[in-house]
Amino acid sequence: ITDYQYQTAAQVIDQRTAVALARIPNVDLRFFLPPPPLPHTEDGGLWCFGGNGLPYAQSLTSTPSQKVETFCLQALVQHSKVHSHCDHIVANGGLQLLQRVYQLRRDSPKIQRNIVRIIGNLALNESLHTAIVQSGWVSVLAEMIQSPYIMQASHAARALANLDREAVRQKYQDGVYILHPQCRTNQPIKADVLFVHGLLGAAFKTWRQKDLDMTDDDKVEGVPEDYTECWPKSWLAADCPNLRILSVEYDTHLSDWKAKCPAENQRKSLAYRSQELLRKLKDAGVGERPVVWVAHSMGGLLVKKMLLDASKDPDLSPLIKNTKGILFYSVPHHGTFMAGYSVNVRYLLFPSIEVKELCRDSPALRDLNENFLNITKEQEFKVLSFAETLPTSIGPMLKILVVPSQSADLCIGDLIQVDVDHLNICKHLHWGRNLSSRIWTTHTFSS
């Protein structure tokens, strides 16, 4: 087929066909029209919607313009989570602005991910699909979903799934990412596996084998942040292709809006996070088929809280009925001694709200664990827990066991101890691939 024939096909393809093609593995990108030309300002500066806010912000500081754009995009991400704000973003030319920034910042994976994250949020609104397609985003997403980097591909996969109302019934809210299958498939999905990270973790970072040993963003400029394998996608999907594998993300940083926000304490509690995530998972159709949970650190406490909350909500009873297994990686079921350390030390791992919830043998943790054990026995959940045996380095001077094996033990005889430290227990599982096949066979569903 010649380029001319591809161009002819691209011109006659309708919206639904374009989205469907973009979700076909390794589709030829010549099937898609390039993004339409974008307006320029007279002085050649960055065109933006709603006035000249971005160039004005850039003029007020010596901070590099790329970082200013990142800050603005992070604010826009928050706005795109609010349904009523999405119409305003589109009506004021936001799709064209984002397209221009995306093309100008080809060298910044972080900026591009934030932009596609916004597109994925806008795509939750079906009334905006035509505007998204007409502004050239399908070709961009079709290219990004083929990226070898897990973070790029997953953001694009989520946006395309939300656009594909013909083949996808579920909606993937902000922070719910599809690791497998990321494209259309004829493979029947028999179960869902959900990965829930812990404090200061992330949907992708926690489950990768390793990270660069650098904390200064400037030191890794130009180095892909996600250059390592994400083992749930690379290993588990290869071993068990009939799974839908999701990784969820929730805020575990000190604050998006600074601690002065009066809603901050509520927003960061286990109870709030549980309700928020349960709503998102229901939108994604979690609970309609067998479910296996994989949780690290405080993510395990969140999973326990979600299952307890779901057990009290008749609308969520399918989630309880279909939960078949839970894997806990270094989860402080009985709290952590970190809560007893000095403020300066404990803040290295745990923000203040979480410290209160993680105190060793706290009444809240004890009640959570006892109630969870009750529904575990009642529902006959199959549980497997892992604990680290090596101390974790906290800075250059301190090494501690963040979650001692006694705390990581759910007290049902399910504990396995592993010679890795807390921060690496999910990243350096060299035995993980063999383990994954055994776990999914013996602890969940062999069909």
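**Exercise 1.** How many bridges join strand β2 to β3, and do the two run parallel or antiparallel?

*Solution.* This is a predicted model, in which local features need pLDDT of at least 70, side-chain atom pairs count only at pLDDT 80 or more, and totals for chains, interfaces and linings use all residues. Residues are numbered from 1 along each chain as its sequence is written, and side-chain values use heavy atoms, with hydrogens and water left out. Strands are DSSP runs of E, at least two residues long, and helices are runs of H or I with at least four, numbered from the N terminus; two strands pair if DSSP finds at least two bridges between them. Strand β2 (residues 191–196) runs parallel to β3, and 6 bridges join them; within this pairing, Val-193 has Ile-245 of β3 as its bridge partner. Strand β1 (residues 176–180), by contrast, is antiparallel to β3, with 4 bridges, and Ile-178 is partnered there by Leu-246.

**Exercise 2.** Determine whether the faces of β3 are covered or open.

*Solution.* Take buried as under 20% relative accessible area with a 1.4 Å probe, protein chains only. In β3 (residues 243–248), 6 of 6 residues are buried.

**Exercise 3.** Which residues is Leu-307 in contact with, leaving aside its neighbours within four places in sequence?

*Solution.* With contact meaning heavy atoms within 4.5 Å, the partners of Leu-307 are Trp-293, Ile-320, Thr-323, Ile-326, Phe-372, Ile-375 and Phe-381.

Methods:
Buried < 20%, exposed > 50% of the residue type's maximum accessible area, 1.4 Å probe, protein only.
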